[in-house]
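Visitor: I would like a guided look at this structure. Could you take my questions one by one?

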Amino acid sequence: MTNTPLLQSDRARPWACAGAVILAAGLYGWALLMAEETWQVLSLLILAVVATGVAIKTGFVRRVERDWAASETRLNRLAFAVLIALILVLSGAHFALLMISTVLLYFVASLGLNIQFGFTGLVNFAGAAFFGAGAYTAAVLGTMPMIPPILILIAGGMVAMVISLPLLIPIVRTTGHYAAVVTIAFGVLFRTFLEVNEVLGGPQGLMVNSMKVFGWDFYDAPSVGGLDISFYVNYALLAAGLAALVFTLFRRLERSWIGLHMDAVRLDETAAACFGISVKRTKIQAFLLGNLILGVSGALYGMMISFIAPASFTFSDSLLLVSIVLLGGVGNPWGSAVAAVIVVLLPEKLQLLQEYRFLLFSVLVMLVLLFRPEGILSRQLRNFFPDRRSDA
Amino acid sequence: MTGPLLEFRNVVKNFGGVTALDDFSMTLAQSEILGLIGPNGSGKTTSFNVLTGIYAPSAGQVLFEGQELTGVNPRAVYEAGIVRTFQRSRLCLSLSIYDNIMIGDTSRLVRGLWSNLISRRALEKQLDVTQRQARDLVATFSDHLADRMEQPVGALPMIERRRIEICRALISGPRLLLLDEPSAGMTHDETHQLMDDILDVRARGDGLSIIIVEHEMGVIERITDRCIVLSYGRKIAEGTYAEVAADREVQNAYLGTD
Amino acid sequence: MDLGLIAQYLANGILLGTMYALVAVGFTLFFGVLDVIKFSHGDVLMLGTFIGFTAWLGLEAVGILKPWIQLLGVLLCSLAGTALIGAAIAKWLILPLKKAPQLNTLLITLMLGTAIREAVRLFYPNGSNPKAFPALLPNSSIEIGNFALRADSVILVVSGLALIGLLNLVINRTRLGLAIRAVAQDEETARTMGINYTLVVLATFAIGSGVAAFAGIMNGLYYNEINFGMGLILGLIGFSAAIIGGLGNLYGAILGGFLFAGLQVIGAALLPFASAYKDVFAFSVVIALMAWKPTGLIPERSSDRV
């Protein structure tokens with residue numbers, strides 16, 4: 001009853017501005033994915049920068065924010081619809097679909113890290129290791145034909161969660177730098193383990209079988225009415241579904257007592273403990289849940305790219321995941337979405353950047369931390385049930 | 001009521017070679033307001049930290065309502081009905097006033113993942129109740145503040161932050177409130193205003209007990225029933241404010257003349 | 001297992017331990033004066049080693065071929081260059097961030113480390129491939145049974161230990177050391193005592209970085225190979241060593257360095273299935289140590305004032 005009276009919009013259509021932004025973003029995504037020449041990509045980038053600048057100058061951003069506060073669910077659904085439409089429109093383009101799926105899975109992974117770091121303040125420098133644990137699980141279980149793929153996804157998450165169990169005691173007991181060393185050590189350990197372990201293919205890695213649903217191989221491109229459809233459509237749709245599911249759970253977690261406890265633990269452990277919040281329990285929940293999400297996204301990623309090796313899950317890759325969270329804005333899922341697009345898509349579209357991408361992103365993150373520590377989109381205040389006003 | 005609400009029996013707390021609390025014994029009666037005074041570093045805050053389970057005492061016992069509360073964790077202390085404020089205000093500055101106050105009450109609300117994420121009916125009901133409680137509580141301190149419940153605490157001046165800290169402590173309906181230097185960072189007038197508010201809230205409830213650590217002797221004189229003076233971790237005097245203020249040893253401890 | 005092999009493992013462990021300790025003391029010094037972790041330490045070390053390597057190329061090019069002169073030139077350029085870089089990073093990146101959350105400094109320096117690493121890989125001529133580092137030390141060895149004691153390792157260990165000893169003297173016996181310790185104790189008091197705070201911090205970062213560069217050169221001379229990734233792993237190990245020893249404590253860092261080397265050697269020698277798991281073993285023990293002693297073997301003073 002007392003939710004967001006300040007943010008309530010009194011305009012007739014309190015979603016029009018944000019809706020327009022979503023549609024424009026969809027169109028922009030299509031253009032960016034279809035752009036092939038360097039000059040096209042560069043002009044699109046300049047367009048994005050100019051448009052953002054204009055939106056900030058004219059106060060348009062404020063209106064979008066107000067819209068979002070007023071009609072969040074409706075806008076979320078619209079964004080999902082636009083995403084599905086984009087996938088279907090691009091159904092013939094292998095590469096574009098691979099890009100969309102990769103962005104979506106990195107986005108999902110960054111939500112897992114956000115629960116740990118953004119909500120609870122636990123830095124995880126082994127994100128790529130838990131992501132990789134999911135991918136390797138998919139590789140191993142994929143060789144067994146009787147296991148349904150949905151189970152493989154869940155198993156990927158479970159394995160990531162289980163291998164993080166030995167870290168619980170040090171994670172719960174340490175803080176700050178001491179906690180950082182635990183995950184850093186684990187990340188290095190995990191990669192070294194993969195490299196020397198013969199069963200898991202050593203440095204050469206493993207092939208991952210593709211996904212089969214009811215005997216239908218995901219790599220068999222369906223053909224609808226004589227049109228060729230890329231087999232990546234299946235993965236892109238699945239990734240979109242996973243992203244929507246995890247996004248919803250992420251939002252609900254943020255807007256629950258558990259989410260509040262996570263914030264309290266991050267901001268002041270001692271004070272939280274003095275008000276009966278179990279710091280241990282909260283940290284354990286965040287760490288396990290985050291790793292579960294990392295593992296599930298990794299499992300789908302492994303099945304999609306069909307070949308995995310230890311070199312894909314290094315410390316640098318963990319840092320790339322952390323970069324997405326920091327660039328986008330700690331704790332803000334939409335920020336992570338924007339950052340995932342930048343981090344994944346930009347180097348792929350601008351081949352001249354490909355080689356320089358770690359350099360580019362490390363400098364970018366340094367600049368963000370120095371001059372805009374809250375990231376691209378800063379986290380909003382908690383609003384437990386954003387739609388209750390409009391429903392009532 | 002028979003028996004004290006709280007009892008310290010020969011509590012000792014050592015940090016390495018330093019003794020912060022030395023054989024400290026005291027009792028607190030139901031509904032009493034006790035002042036804990038003494039020079040800097042005399043062990044006042046340490047006694048709060050031992051009581052709230054942040055530090056385990058090196059020796060001695062802490063009893064609350066006759067139950068042993070020695071060396072338990074802060075959660076158990078909270079569940080027994082003891083809450084506190086902090087010397088340096090420890091609020092979550094980036095969270096709203098609602099969130100900050102609700103932190104004081106939510107650990108007793110639904111905890112499971114299922115009821116927090118999937119089936120959220122109970123959560124919704126609890127949210128309504130808790131937000132209303134928080135708002136009513138804030139309104140007793142300041143109507144003006146009650147209209148700003150959605151704003152981040154970081155934007156508020158010190159006196160409002162202190163009020164919110166006290167609301168966070170009171171929302172769970174505690175038996176004992178520990179105030180650690182509530183006047184720090186505020187003007188003389190603001191401090192007295194805050195004390196009025198606290199006494200006001202207390203008058204409505206069922207005999208909340210308070211222990212207050214404070215340097216502002218005006219505050220101590222005005223609101224406490226009894227005072228204990230600490231110096232170098234030891235209790236050197238006990239009595240009404242007038243009694244301890246007249247004590248030679250207390251004057252020496254404060255003036256530093258032996 | 002015969003005695004010769006044990007001696008071989010022992011010699012190897014001492015060499016590695018010296019190297020790790022030299023890296024770890026940097027982390028602990030920086031933490032001492034500023035309460036920050038400068039994660040780029042390892043990559044700065046790598047950069048310093050490449051500076052030394054470049055100096056050697058230059059000396060070769062101008063026809064100075066005497067190994068001892070070359071070694072001197074390499075060390076001078078490397079240590080001085082790295083010290084300057086360390087001080088520069090402190091001045092322009094770390095001191096301005098003093099008020100920011102601790103974790104931000106860790107993250108920024110992590111990113112800086114990546115940037116340095118990538119810059120060397122991309123912009124150093126043929127930087128993505130390993131470079132053959134010259135053997136500038138005598139390569140004779142003494143055979144004791146089937147144990148070959150290499151002269152170069154003896155020289156490296158002795159000079160490394162001497163450097164640690166020297167550093168200890170500087171910290172504990174000189175005016176500069178006194179100033180560093182004063183700043184580490186309490187910045188405000190140190191300032192009121194007339195200590196030039198910024199200068200002390202910069203000096204600390206210069207010293208710590210220079211010492212790490214020595215470890216880098218040691219690494220190059222011993223393995224006769226350097227590459228752009230060497231700093232990452234040495235930095236990780238140095239950081240772990242400083243942490244398990246207990247941050248802010250010089251002896252903790254040295255203890256941690258030798259402990260980590262010991263773990264690697266034990267892992268290599270005793271793991272029956274495969275010595276390839278030695279790093280897995282060493283890092284597992286690090287994690288277990290963190291669970292057992294969450295603030296290191298020699299804990300720092302408790303700082304959370306309530």
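The questions and answers below go through the chains, their sheets and their contacts.

Visitor: What kind of model is this, and how are its parts numbered?
Guide: This is a predicted model, in which local features need pLDDT of at least 70, side-chain atom pairs count only at pLDDT 80 or more, and totals for chains, interfaces and linings use all residues. Chains are lettered from A and ligands numbered from 1 in the order in which they are written, and residues are numbered from 1 along each chain as its sequence is written.

Visitor: Which helix of chain B has the lowest confidence?
Guide: Confidence is given as pLDDT, the predictor's value for each residue, from 0 to 100. Chain B has a mean pLDDT of 90, and 98% of its residues reach 70 or more. Helix α3 (residues 97-102) of chain B is highest, at a mean of 96. The lowest, at a mean of 82, is helix α11 (residues 248-255) of chain B.

Visitor: How many helices and strands are in chain B?
Guide: Helices (H or I, at least four residues) and strands (E, at least two) are DSSP runs, numbered from the N terminus. By that count, chain B has 11 helices and 10 strands.

Visitor: What radius of gyration does chain B have?
Guide: The radius is taken over C-alpha atoms, and the globule rule is 2.2 Å times the number of residues to the power 0.38. For 258 residues, a compact globule would be near 18 Å. Chain B agrees with that, at 19 Å.

Visitor: What share of chain C is buried?
Guide: A residue is buried if 20 or more other C-beta atoms lie within 10 Å of its own, exposed if 12 or fewer, and partly exposed in between; the C-beta atoms are placed from the backbone. In chain B, 43% of the 258 residues are buried. In chain C, with 306 residues, the share is 50%.

Visitor: Which residue is the bridge partner of B:Ile82?
Guide: β6(B) runs parallel to strand β7 (residues 176-180) of chain B, and 3 bridges join them. In β7(B), the partner of B:Ile82 is B:Leu176.

Visitor: Which strands are at the edges of the 4-stranded sheet in chain B?
Guide: The order of this open sheet is β2-β1-β4-β5 (chain B), and its pairing is antiparallel. Each edge strand pairs on one side only. They are β2 (18-28) and β5 (67-68) of chain B.

Visitor: Which residue in β2(B) is the bridge partner of B:Val11?
Guide: Strand β1 (residues 6-15) of chain B pairs with β2(B) over 7 bridges, in the antiparallel sense. In β2(B), B:Val11 has the partner B:Phe24.

Visitor: Which element gives the most to the side of chain C that touches chain A?
Guide: Residues are in contact if their C-beta atoms, placed from the backbone, lie within 7 Å. By this rule, 36 residues of chain C contact 35 residues of chain A. The elements giving two or more residues to this side are α4 (102-123), α9 (230-245) and α11 (278-292) of chain C. With 14 residues, the one that gives the most is α4(C).

Visitor: Which element gives the largest share of the side of chain B that touches chain A?
Guide: Here 31 residues of chain B contact 28 residues of chain A. At least two residues each come from α2 (74-80), α3, α4 (113-118) and α5 (121-141) of chain B. The largest share, 5 residues, comes from α5(B).

Visitor: Is B:Glu65 buried, exposed or partly exposed?
Guide: B:Glu65 lies in the loop between β4 and β5 of chain B. Its phi is near 50°, a positive value in a residue other than glycine. Most residues other than glycine have a negative phi. With 16 C-beta neighbours inside 10 Å, B:Glu65 counts as partly exposed.

Visitor: Where is C:Asn224 found?
Guide: C:Asn224 has a positive phi of about 55°, although it is not a glycine. C:Asn224 is partly exposed, with 15 other C-beta atoms within 10 Å. Its place is the loop between α8 (197-223) and β4 (225-226) of chain C.

Definitions and conventions:
Two residues are in contact if their C-beta atoms, placed from the backbone, lie within 7 Å. Two strands pair if DSSP finds at least two bridges between them.
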